[in-house]
Amino acid sequence: MSKKNLNNVSTWVNQRIGFIVIFSSLLAVSAILYLLLNNMHATRIAQIRTQGIELARLISEIPYYQLVPNDGHRGTLELIKYNEGDPNFAYGAIVDKNGSLITSAAISGIIIPKLKPPADPSNWLAEKKLILESQNKHIIEFHAPLIEKGKLIGYARLGFHEPKFGFTLGQIPFLASISLPIFLIAALFLYLIKREIQPLKVAGIQINDLVNQGSFKQVDIRASGELSDFIQKFNEFVRLAQSRISELESNKNDLVASSKLLTYKQSKIESVLQALPEAVLVFDESGNVSFINSKVTSLLNIPADEILNNEISSWSSNPNVMKYINKIKNNPTSNYPAERIEFKPENSPDKSIAIKAFPLFSPKETKYVYGTLVLFQDVTEENLAKQARGEFVAHVAHELKTPLNVLAMYSETLQREEGQSAEFRAEAVNVIHDEVERISMLINNLLSITKIELGSLSLERQHVKLRDLLVDIFETNKRNGRAKELQFQIDVPKEMSPLYIDKDMLRIAINNLLTNAIKYSNKNGVVTLSAEQIDNSVYIKIRDTGIGISVEDQHYIFDKFYRSNDKETRERTGHGLGLSLANDIVKLHHGSLKVQSEKDKGSEFTIILENNSSMLERAV
Amino acid sequence: MQNILIVEDEPHIIRVMKLSLEENGYSINVAHNGEQALEKLNDGLPDLLITDINMPRMSGDLLCKKIEVDYPDRQFPILVLTSKTEIEHREWTANMNNTYFLEKPVSIKKLIRMLDSYKNGSGLAA
């Protein structure tokens, strides 16, 4: 039976306790009365039996003649009939040995039944139950033999009504006197039960209300005795449960707080890993990818899911990468490869990516390793820069060595005294001078560009007469370019306001432009240096009629180390630094450098500088 | 051995070498790059060829490879004279038959000594 059914039964019992008590007391009274009546009935039967058998025996001992009435002498049986006073007495009869009635006495309404006498002498004295069907009567008959002179002459028969089960009117007061106390006791019992149950009921209602409200409080009931003990224990239990609940709630709050803290910490670490400029991948102790930041997907061009949920073989087939990754993820505690490896991803072979693994040691227990952090770095630029640096150094070395070779050969030739004409000597001196200048210029350019790139160059401005500076540079270059049989022109106004500039720096810039103009001119070309001032702007122009620069190349000529692939350009030596440096210097002066050029027609470079007080202020 | 073809783009070096070698009885022909050198070879083979590596139009190493193909049975030695000192340049010259590497700056005296030695049949290696 389920708990709910049990509860229902219990409620049903509580509600009908009065009926149950009344019903029970009725049942008890009935049972007691039944037993009492039953006992009385049995006692009566026993009385009748004793009485009947004794009486039958007594009668059988009375002489026959006294039994049979004659001549106005009533028989003994009549006497018995009238004097017995027994309400159960039915009849008395004397029969001969064949059973024929000789005399009888019966109460009114009774017809004495005929009976065949028992043949067996052992049955002569006996009792027998008879049912007088016609009269609907139950009779207990006792018979005894009548013997005279040792001979059976007949029988005495005595009949008694069998007592009925039940009670008579006369017995009612007696029975009532027995039933009443039982009813009184039941009523008392009911009262006591009700009184005892009442606090339980209240407690039940209160607990029920608490359950319905969902609250958990102690029960407030005044009770005595065992119920008081029970309430006390119940309240004690509630108190314990309350403290246990609050303990659990506080534990739960602690757990929630620490879980929030953990989530926060994890988010913080993840945001740090996300913010790293490098692509980061983390393997846990079991070698599974547990984290990747967004840079991994963009760098490797592989969706995050593919990396997170799969073995490395599914996203990289490069054998070196597979070997490296498998080594570090399978042996997180073993020695890590100190070197990084580089590879080119299959989906973008132009890229170079470096991989380096770092074991994630526990900060407290360094023997324990949480896994491995793998850093992916895009080293494409780095490699290109390395390559460019290498090429640049080789180029610079060559550029330096070329004039050195000339110097070595000329000086060695000069050392020989014999056979050297004065003309050759003069030529040698000039060449040596020019080559030294060339080396000096290259070194200066290199130093300047390095300083500018490092940001360590500060302009040393002074008020400079532009015309003097330009003429000086022009004359030097004119000398250098004479071998090409060029036509040199200079057009600088005599009166120009002084410029507040770094003279040496601007000299390098203009010199580079003029050197280029000469270098890229063809025989009999014209190289022009001019300057003009319009309002507060000064325009310095270097123009040639040389090979010119294609439109495509014009985009790159100010990039460092850039040299055009143009055939005519390649015929001329150069280190790709001159224009880049000139541009940097002009920019440092807050000016601009423009180019106008047409292939095979020539080029014009214009330096535009502002010449006003604001420039002075900015410089200060 | 009289005729030497000098392949060089730097005019000053050409000038000094030409002057010094001619003084020592050599006949000098000049080409300013690989292309010009191949043209000159078409006109007639020299007794010895001196070439720079870093030149416009056709570099010295490319010239040497072309000569290997065009003149497989050449008798004249090639002297690679360059300021490019990278190891790979030494390697390819070493792998070529009858080809020698000489690093710039080179002493004119030393060069003449080598050429004289070769002329006398003692080989080019100084």
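Guide: The angle between two helices is taken between lines fitted to their C-alpha atoms, over the stretch in contact, and runs from 0 to 180 degrees between N-to-C directions. Keep that in mind. This is a predicted model.

Visitor: What makes α2(A) and α5(A) roughly antiparallel to each other?

Guide: Look at the angle. Helix α2 (residues 17-61) of chain A and helix α5 (residues 172-213) of chain A cross at roughly 155 degrees, and their axes come within 9 Å. The cut-off for roughly antiparallel is over 145. Therefore α2(A) and α5(A) count as roughly antiparallel. The crossing of α2(A) past α5(A) is right-handed.

Visitor: Which residues of α2(A) and α5(A) meet?

Guide: From α2(A), they include A:I17, A:V21, A:A28 and A:L33. From α5(A), they include A:L175, A:I182, A:F189 and A:I193.

Visitor: How do the residues of the contact of α2(A) with α5(A) divide into nonpolar, polar and charged?

Guide: There are 15 nonpolar, 4 polar and no charged residues.

Visitor: On to α12(A) and α13(A). At what angle do their axes cross?

Guide: Roughly 35 degrees, and the axes come within 10 Å. The crossing of α12(A) and α13(A) is right-handed. Among the residues that meet are A:L470 and A:I473 in α12(A), and A:I510 and A:L514 in α13(A). By class, this contact has 7 nonpolar, 4 polar and 2 charged residues.

Visitor: What makes a set of residues a nonpolar core?

Guide: The residues must be buried, of a listed nonpolar type such as Leu, Ile or Ala, and joined through C-beta atoms within 7 Å. The largest such core here has 37 residues. Among those with the most contacts inside it are A:L470, A:A509, A:L513 and A:I585. Elements giving two or more residues to this core include α12 (466-480), α13 (503-519) and β15 (537-544) of chain A.

Visitor: Which element gives the largest share of this core?

Guide: α13(A), with 9 residues.

Visitor: Which residues does A:L513 touch, not counting those up to four places away in sequence?

Guide: A:I542, A:A582 and A:F605.

Visitor: What makes A:H590 count as exposed?

Guide: Count neighbours. A:H590 has 12 C-beta neighbours inside 10 Å. The exposed class takes 12 or fewer. So A:H590 counts as exposed. A:H590 sits in the loop between α16 and β16 (592-598) of chain A. Its phi is positive, about 60 degrees, although A:H590 is not a glycine.

Visitor: How do you know that A:D600 is exposed?

Guide: By the count again. A:D600 has 11 other C-beta atoms within 10 Å. The limit is 12 or fewer, so A:D600 is exposed. A:D600 is in the loop between β16 and β17 of chain A. A:D600 is not a glycine, yet has a positive phi of about 65 degrees.

Visitor: Why is A:D86 called partly exposed?

Guide: A:D86 has 15 other C-beta atoms within 10 Å. Buried needs 20 or more, and exposed needs 12 or fewer. The count of 15 falls in between, so A:D86 is partly exposed. A:D86 lies in the loop between α4 (76-83) and β1 (89-96) of chain A. The C-alpha atoms of A:D86 and A:I48 are separated by 9.3 Å, and these residues are 38 residues apart along the chain.

Visitor: Where is the cis peptide bond in chain B?

Guide: Between B:K104 and B:P105, with omega about -5 degrees. B:P105 is in the loop between β5 (99-103) and α5 (108-119) of chain B.

Visitor: What pattern does chain B follow along the sequence?

Guide: The pattern is β-α-β-α-β-α-β-α-β-α. That comes to 5 helices and 5 strands. Chain A has 17 helices and 17 strands. Of the 126 residues of chain B, 38% count as buried. For chain A, the share is 21% of 620 residues.

Visitor: How many residues does the contact take from chain A and from chain B?

Guide: 16 residues from chain A and 17 residues from chain B. On the side of chain A, helix α10 (residues 380-415) gives the largest share, 12 residues. That side divides into 7 nonpolar, 5 polar and 4 charged residues.

Methods
Residues are numbered from 1 along each chain as its sequence is written. Chains are lettered from A and ligands numbered from 1 in the order in which they are written. This is a predicted model: local features need pLDDT of at least 70, side-chain atom pairs count only at pLDDT 80 or more; totals for chains, interfaces and linings use all residues. Helices (H or I, at least four residues) and strands (E, at least two) are DSSP runs, numbered from the N terminus. Two residues are in contact if their C-beta atoms, placed from the backbone, lie within 7 Å. Ala, Val, Leu, Ile, Met, Phe, Trp, Tyr, Cys and Pro count as nonpolar, Asp, Glu, Lys and Arg as charged, and the others, Gly among them, as polar. Angles under 35 degrees count as roughly parallel, over 145 as roughly antiparallel, 65 to 115 as roughly perpendicular and the rest as oblique. A crossing is left-handed if the near helix is turned anticlockwise from the far one by less than a right angle, and right-handed if clockwise.
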